[in-house]
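Please look over the sequence and the model below. The report then takes up selected features.

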Amino acid sequence: MTCLDKTWHKACFSCESCGLKLTMKTYKGYNKLPYCATHYPTTKFTQVADTPESRRIADQQKLSEIEYRKDKVESLKQFTPVASDVGTRQAQAASKLASSAAYTQREEEEPEPAPAPIRQPPPMAAQPPQPMVQQQPPAPKMAAAPAPKMVAAPAKAAAPPPSTPRYVALYDYTKNDEDEVSFVEGDVIIDASIIDDGWMEGRVERTSQYGMLPSNYVQKM
């Protein structure tokens, strides 16, 4: 599995403090290392003492804010406020309506351009009469020779598929990750391959699902 900028083996992915086996759903990362919820390091904040230097910085910030507000007020005095009363808004709306009506009237008074004349194609010249051609009788067709029959060679018997070890489930198991499979007691595991001492891969014959499973939950048939 890949997480915390590293590739981990499933059996080695455990808590750095207590060694508890973790999964992708139960781990918590800190400094690119996995921890369980109990031993996850917590961040503690340190209280800063009130020193003369900190008070000097705070006073300087207050003075900067006062100067900024003063400059803002001085800059706003340079602009002239515009009164926005009901009469001004009505005059602006009337001006817009008059401009729109004048533009519409100008479009109605302009004459439409005359359509361009359509050019007609020139008449086709009369073609001279074609001479009569005497048709020849068709030549007799030759009978085609029969094609030789191909005798198919007998197909070779397919080799039997290589036998793979089969396992039977001793207990029920529910998967914890997406790359694992679930099974119940008595299920047959096929296409099995051993990964390490604790895990293996295989396909559950009942559900046709393929994935990882604990090797101590099954027994070779």
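What follows covers a sheet, an aromatic cluster and a pocket.

## Basis of the model

This is a predicted model: local features need pLDDT of at least 70, side-chain atom pairs count only at pLDDT 80 or more, and totals for chains, interfaces and linings use all residues. Residues are numbered from 1 along each chain as its sequence is written, and side-chain values use heavy atoms, with hydrogens and water left out.

## The open sheet

Five strands make up an open sheet, ordered β8-β7-β6-β5-β9, with antiparallel pairing. β8 (210–214) and β9 (218–220) are the edge strands; each has a single partner, so one side of each lacks a neighbour in the sheet. From one strand to the next, the twist averages 45 degrees. Strands here are DSSP runs (E, at least two residues), numbered from the N terminus. Two strands pair if DSSP finds at least two bridges between them.

β6 (residues 188–194) and β7 (residues 199–204) run antiparallel and are joined by four bridges. Ile-189 has Val-204 in β7 as its bridge partner. β7 also pairs with β8, in the antiparallel sense, over five bridges. There, Met-200 stands opposite Leu-213 in β8. The hairpin of β7 and β8 has five residues between the strands, and Ser-208 in this hairpin takes a positive phi near 60 degrees.

β8 is mostly covered, with four of its five residues buried. Buried means under 20% relative accessible area, exposed over 50%, and partly exposed in between (1.4 Å probe, protein chains only).

## The aromatic cluster

The whole structure holds three aromatic pairs. Rings of Phe, Tyr and Trp (its six-membered ring) pair if their centres lie within 6.5 Å; planes under 30 degrees apart count as stacked, over 60 as edge-to-face and the rest as tilted. Tyr-171 and Tyr-217 form an edge-to-face pair, 5.8 Å centre to centre with 80 degrees between the planes. Tyr-171 sits in the loop between β5 (167–169) and β6, Tyr-217 in the loop between β8 and β9, 46 residues apart. Tyr-171 is partly exposed, at 48% relative accessibility. Tyr-217 is also partly exposed, at 27%.

Tyr-173 and Tyr-217 have ring centres 5.3 Å apart and planes at 70 degrees, so this pair is edge-to-face. Tyr-173 lies in the loop between β5 and β6 and Tyr-217 in the loop between β8 and β9, so the pair ties together parts 44 residues apart in sequence. Tyr-173 counts as buried because its relative accessibility is 10%. Ring pairs join Tyr-171, Tyr-173, Phe-183 and Tyr-217 into a cluster.

The loop between β5 and β6 also holds Thr-174. At 61% relative accessibility, Thr-174 is exposed.

## The largest pocket

The largest pocket has a volume of about 170 Å³. A pocket is an open set of points on a 1 Å grid over the protein atoms alone, where a 1.4 Å probe fits, with protein on both sides within 12 Å along at least five of seven lines; lining residues have an atom within 4 Å of a point. Its volume is the space filled by probe spheres set on the points.

The lining includes Met-1, Lys-10, Tyr-173, Trp-199 and Pro-214. By class, six lining residues are nonpolar, two polar and four charged.

Note on methods: Axes are lines fitted to C-alpha atoms, for helices over the stretch in contact, and angles run from 0 to 180 degrees between N-to-C directions. Ala, Val, Leu, Ile, Met, Phe, Trp, Tyr, Cys and Pro count as nonpolar, Asp, Glu, Lys and Arg as charged, and the others, Gly among them, as polar.
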